[in-house]
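Reader: I am new to this structure. Could you show it to me and walk me through how its parts pack?

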Amino acid sequence: MATFLYRVGRLAFRRRWYVALVWAAVLAVVGLGALKAPGASDEEFSMPGIESQKAFDLMEERFPGATADGATARVVFVAPGGEKVTATENKKAVEKAVAELGDGSQVAGVADPFQAKAVSKDGTTAYATVSYKVAANDLTDAGKTHLERVIDEARDAGLTVEAGGSAMDDGGGAGGMAEVIGIAIAAVVLLVTFGSLAAAGLPLLTAVIGVGVSMATILALSDALGLSTTTGTLAMMLGLAVGIDYALFVVSRYREERAKGRTPQEATGLAVGTAGSAVVFAGLTVVIALAGLSVVGIPMLTKMGLAAAGAVVVAVLIALTLVPAFLGFWPNAVLSRRSRKSGRMEEGGEDNGGTRWARFVLRRPLPVLLLGVVGLGALAVPMTQLQLGMPGDEAKSTSTTERRAYDALADAFGPGFNGPLTVVVDAKGDADPKGAVTTVAEQIGATKGIVSVSPARFNEAGDTAVFSVVPSTAPTDEKTKDLVTVIRDERPGVEAETGATFEVTGSTALNIDISDKVQAALVPYLIVVVGLAIVLLLVVFRSLLVPLKAALGFLLSVLASLGAVVVVFQQGHGAELLGVEQTGPIMSLMPIFLVGIVFGLAMDYEVFLVSRMREAYVHGEPAPQAVTSGFRHSARVVVAAALIMIAVFAGFIGESDSMIKMIGFGLATAVLLDAFVVRMAIVPAVLALLGDKAWWLPKWLDRILPRVDVEGEALSRRSEAEPAPDAPDAPDAPADLEPART
């Protein structure tokens with residue numbers, strides 16, 4: 001592996017113009033494809049194998065066209081204090097607004113609240129449901145402007161008017177500010193780390209190119225593969241983070257090799273052969289974790305994982321080809337300013353912050369280990385109270401009309417009104433379908449916790465009916481989840497009595513089913529991903545205990561980060577600082593997201609840090625000294641890489657979308673804990689306690705595992721035997737730029 005990548009690095013250095021032109025051509029081709037693509041659509045969420053999805057499928061079969069994915073808007077009218085919406089003037093204002101709402105070119109119909117009995121018992125609140133002919137993503141600006149204009153006119157009449165529903169969705173997804181903040185902080189970290197504008201700019205430039213290629217590819221293929229507008233968010237987030245990190249490690253190793261007196265081309269080859277090997281295996285762990293999301297069985301999640309995995313693959317390829325090509329263009333520009341001014345290459349001394357920290361841990365391994373494990377364990381405790389759900393309008397800011405509409409409906413019609421259950425009754429083959437449906441509705445309506453049951457609506461064949469059930473509790477309340485369970489548990493008795501079957505669905509039941517399925521899939525997912533990664537790390541480190549330690553450290557960091565998410569987003573501690581106005585259940589997909597992404601990133605730091613320790617140990621250093629050597633060469637770069645990734649993820653905390661905000665916080669916290677507590681403290685403490693046993697591998701396993709030479713042992717023998725000559729066109733170091741002897 002190291003020898004092959006060494007040749008790749010030297011080839012990219014020599015043929016830098018060709019490499020740069022190839023990547024420019026790739027970016028141009030996919031960019032053109034993205035411009036010509038019809039655009040990503042709002043993907044219909046589906047989850048095979050759950051009751052809610054089966055009920056939706058049955059409704060589409062028995063009520064053709066009735067469940068079309070058209071946008072809806074629920075406009076809520078609240079009378080001024082002490083008045084009723086049924087008062088003459090208020091009623092006129094509502095009816096006028098309803099009539100104007102129906103005049104929209106994309107509007108299919110509007111339900112008049114006074115005819116649809118959509119007025120609260122106290123008469124203070126009414127709502128009108130606007131149905132559109134097109135999906136929310138296809139609503140034109142004119143259609144949205146028409147809705148907003150009618151709402152403003154109704155407000156001018158003295159009513160309080162708010163609106164919610166899919167028609168009010170602004171598309172979500174990450175804006176541009178998150179990326180700008182992340183890149184700005186990354187630039188500062190890189191500048192401080194390298195002391196060179198070119199060295200700081202090169203990883204940023206290559207990462208942006210990689211993200212451009214990845215996002216353009218996703219947009220170009222969005223229509224053919226059915227990718228949604230949110231699919232690219234994760235790819236952008238990870239592509240930017242790992243793209244900077246992977247280039248950072250190659251450039252850092254290049255500077256280190258130059259400090260040893262290597263010529264630019266030789267230093268580039270050695271950097272790609274050694275740091276590039278770590279990049280390949282670190283990237284593989286991330287790809288395994290992301291591709292493993294397909295185990296969960298959620299099509300949307302599978303697409304997001306595969307798209308993000310593709311972005312990581314692009315980042316790896318750019319680190320192995322475009323980065324060395326750019327080093328060929330500017331071989332000395334990436335060196336520190338001090339080296340360029342003095343004309344002498346400065347090799348890092350024996351003592352730096354990394355070696356001092358490593359020696360501190362080596363002297364006190366047990367206290368450091370206990371403190372790290374206990375601290376992470378304490379952070380993980382709140383995770384035991386984790387409640388999963390899908391935050392809706394109730395999680396949005398009170399400055400949004402969607403949140404105010406949600407609150408107004410909850411106040412007027414009860415907390416359960418915003419999340420009604422939909423019951424689909426299949427009476428096909430029953431002698432008296434209407435009687436069976438009536439019995440099912442009465443039985444469910446008598447269940448404790450049910451406020452009301454709507455009249456049943458039959459299909460044309462008269463063998464299937466649908467009715468709504470309003471719970472007494474809010475959609476995200478645990479009591480609502482218990483109520484759905486009770487209704488479903490009573491089903492066998494009801495079916496035996498009526499001969500008809502029924503299923504419970506609706507957004508509330510769907511979210512409950514998603515949470516249950518994700519929780520059930522978490523353990524199999526962990527087994528698959530962690531198992532594959534342990535095998536990969538066995539090949540990389542040729543050690544039995546190091547991969548197991550890496551996996552256990554990851555479990556600690558991910559549980560602690562989940563605990564932190566619960567503390568902020570569910571319990572509300574410090575929520576105001578992050579702009580979280582409403583706490584509640586954690587997004588159902590959050591644990592699986594966090595496990596998948598953080599596992600890959602955690603293995604990144606493990607590979608980068610421990611591979612240098614392994615390299616020193618293989619080259620003859622005692623186990624404790626190998627730990628120190630690994631920290632001397634890698635600690636500063638790993639810290640910089642972690643800070644960059646934290647900055648990129650933390651930038652997404654400022655987004656208005658609650659899901660993206662939660663993911664950004666969770667990932668930033670997980671990287672912080674994993675990089676600085678697990679990899680920088682617990683890992684060296686464990687290695688210090690294990691000593692030579694850390695690198696033990698049974699002989700039978702040693703014979704089975706393939707040898708990939710990640711530590712570059714073959715390259716060391718090659719360089720000691722005979723330095724490889726540079727190609728004539730390779731720019732060499734100036735004659736006066738020689739290594740400083742320290």
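Author: Let's begin with a pair of helices: α3 (residues 51–62) packs with α18 (residues 507–541), the axes lying 8 Å apart at an angle of about 135°. Axes are lines fitted to C-alpha atoms, for helices over the stretch in contact, and angles run from 0 to 180 degrees between N-to-C directions. Helices (H or I, at least four residues) and strands (E, at least two) are DSSP runs, numbered from the N terminus.

Reader: Which word describes how α3 lies to α18?

Author: Under 35 degrees counts as roughly parallel, over 145 as roughly antiparallel, 65 to 115 as roughly perpendicular and the rest as oblique. The angle here is about 135°, so α3 is, relative to α18, oblique.

Reader: Which residues of α18 make the contact?

Author: Contact means heavy atoms within 4.5 Å. From α3 come E51, S52 and F56, and they meet, on α18, A509, L510 and D513.

Reader: Which strands are the edge strands of the sheet?

Author: This is a predicted model, where local features need pLDDT of at least 70, side-chain atom pairs count only at pLDDT 80 or more, and totals for chains, interfaces and linings use all residues. Residues are numbered from 1 along each chain as its sequence is written, and side-chain values use heavy atoms, leaving out hydrogens and water. The open sheet has four strands in the order β2-β3-β1-β4 with antiparallel pairing, where two strands pair if DSSP finds at least two bridges between them. Pairing on one side only are β2 (107–111) and β4 (160–164).
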